[in-house]
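Biologist: I'm new to this one. Please put it up and I'll ask as we go.

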Amino acid sequence: MVQNKFVSQTNTVAVVPVPFSGGQPRDGVDEGPVRLLEFGIIDQIKELGWEVDFSGEVGSFEHLRPAEDPDIGNMKNPRYVSQVTQAVAKVVESHAKKGQFVLTLGGDHSLGISTVSGTLAAYPDACVIWVDAHADINTPETTESGNLHGCPLSFVTGIAGETPEFEWVKPALPTERLVYIGLRDVDDAEKKILKKYNIKSFSMHEVDKYGIGQVVQMALDHVNPNRDRPLHLSFDVDALDPSVAPSTGTPVRGGLTFREGHYICEALYETGCLVATDIVEVNPALGDEASLYQTVAVGCSLARCALGETLL
């Protein structure tokens, strides 16, 4: 195992399943964590030599669902998303402050509000690599759909500004410590945000042009040039081409190959800086049984590569 520079409990992974779908309209993504667990991800992690901190139970967030949750501006389910992400942020922060590696299994990508917030509470100088087909940096004002899985980075960077119901979120992530890999479906408003704040982004064009090895190197050189900052990886499976991960809510053709996705996880692990990883947007309700099996298997293998699995 590569010696981790920041995780003091170097052999312990805290697995945090978050069965939550409130950040988007499609049913089923809340079942993603259960399927990943059923596929044996806990035992797979143990086989890599890690100890696992996991209660064995997948909780529910229904007790946090308000009786009424009217839209605030364009935002849908704002109170529910806020309360769940605040609760998850506390769990991630607690595990991270114990010195454990944190693996969060989603659920939709609104959870990025919680996971990044939790990591930054424990590691204030952490940087984030966001692997996704989408930029997820719409603000409450610019989002056309109102679905908050498209907005998490605007909250944690502070670009969203003061937002009702999300006062708890600290704008703790400077935009120079955020980098994207795999973008190919970015809203016009998001393109303006990326340019305005000069946020480093590697779309599929750059992956095609330079190759994934060079892209990962450039991404790391931007956010973590001396390899002396903790690193948070947030991986949306829709970053992969739909031929690789079909059971996801917002698939976009022309994505990362199987090997490109896994190389990202392998290379980030090799830095010794990785302290947390999210695997999100696996939706068992979409596609046939073969598609589900394929997507769940990929989600598990991405997590294993982020924890040190190699081809040889």
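Biologist: Where is Asn77 found?
Modeller: Asn77 sits in the loop between strand 2 and helix 3. Helices (H or I, at least four residues) and strands (E, at least two) are DSSP runs, numbered from the N terminus. This is a predicted model, so to speak of local features we need pLDDT of at least 70, and side-chain atom pairs count only at pLDDT 80 or more, while totals for chains, interfaces and linings use all residues. Residues are numbered from 1 along each chain as its sequence is written, and side-chain values use heavy atoms, with hydrogens and water left out.

Biologist: What is phi of Asn77?
Modeller: Phi of Asn77 is near 55 degrees, which is positive although the residue is not glycine. Asn77 counts as partly exposed because its relative accessibility is 28%. The cut-offs: buried is under 20% relative accessible area, exposed is over 50%, and partly exposed is in between (1.4 Å probe, protein chains only).

Biologist: Which loop holds Arg227?
Modeller: The loop between helix 8 (212-223) and strand 7. Phi of Arg227 is near 55 degrees, again positive in a residue other than glycine. Arg227 is buried, with a relative accessible area of 18%.

Biologist: Back to the loop between strand 2 and helix 3: is Leu64 buried or exposed?
Modeller: Leu64 is buried, at 17% relative accessible area. Pro70 lies in the loop between strand 2 (51-53) and helix 3 (78-97) too. Pro70 counts as partly exposed, because its relative accessibility is 47%.

Biologist: New topic. How many residues of strand 1 are buried?
Modeller: Seven of the seven residues of strand 1 (residues 12-18) are buried, so strand 1 is largely enclosed by the rest of the structure.

Biologist: Which residues point which way from strand 1?
Modeller: Thr12, Ala14, Val16 and Val18 point one way, and Val13, Val15 and Pro17 point the other. In a regular strand the side chains alternate between the two faces of the sheet.

Biologist: How many bridges join strand 1 to strand 3?
Modeller: Six, and the two strands run parallel. Strands pair if DSSP finds at least two bridges between them. Val16 stands opposite Thr104 in strand 3. Strand 1 is also joined to strand 2 by three bridges, in parallel. There, Thr12 has Glu51 as its bridge partner.

Biologist: How many bridges join strand 7 to strand 8?
Modeller: Six bridges link strand 7 (residues 231-236) to strand 8, also parallel. Asp278 in strand 8 is the bridge partner of Ser234. From strand 7 the chain crosses through helix 9 (residues 258-270) to strand 8, and this β-α-β crossover is right-handed. That is, with the strands pointing away from the viewer, the path from the first strand over the helix to the second runs clockwise.

Biologist: Which helix does the chain cross through from strand 5 to strand 6?
Modeller: Strand 5 (residues 178-183) and strand 6 (residues 200-203) pair in parallel over four bridges. Tyr180 stands opposite Ser201 in strand 6. The chain crosses from strand 5 through helix 6 to strand 6, in a right-handed β-α-β crossover.

Biologist: Which residues of helix 6 are buried?
Modeller: In helix 6 (residues 188-196), Glu190, Ile193 and Leu194. They cover an arc of only 100 degrees around the axis, which puts them on the same side of helix 6. The arc is taken from the directions from the helix axis to the C-beta atoms. On the other side of helix 6, Asp188, Lys192, Lys195 and Lys196 are exposed.

Biologist: What about the peptide bond from Gly106 to Gly107?
Modeller: That bond is cis, with omega near 15 degrees. Gly107 belongs to the loop between strand 3 and helix 4 (112-122).
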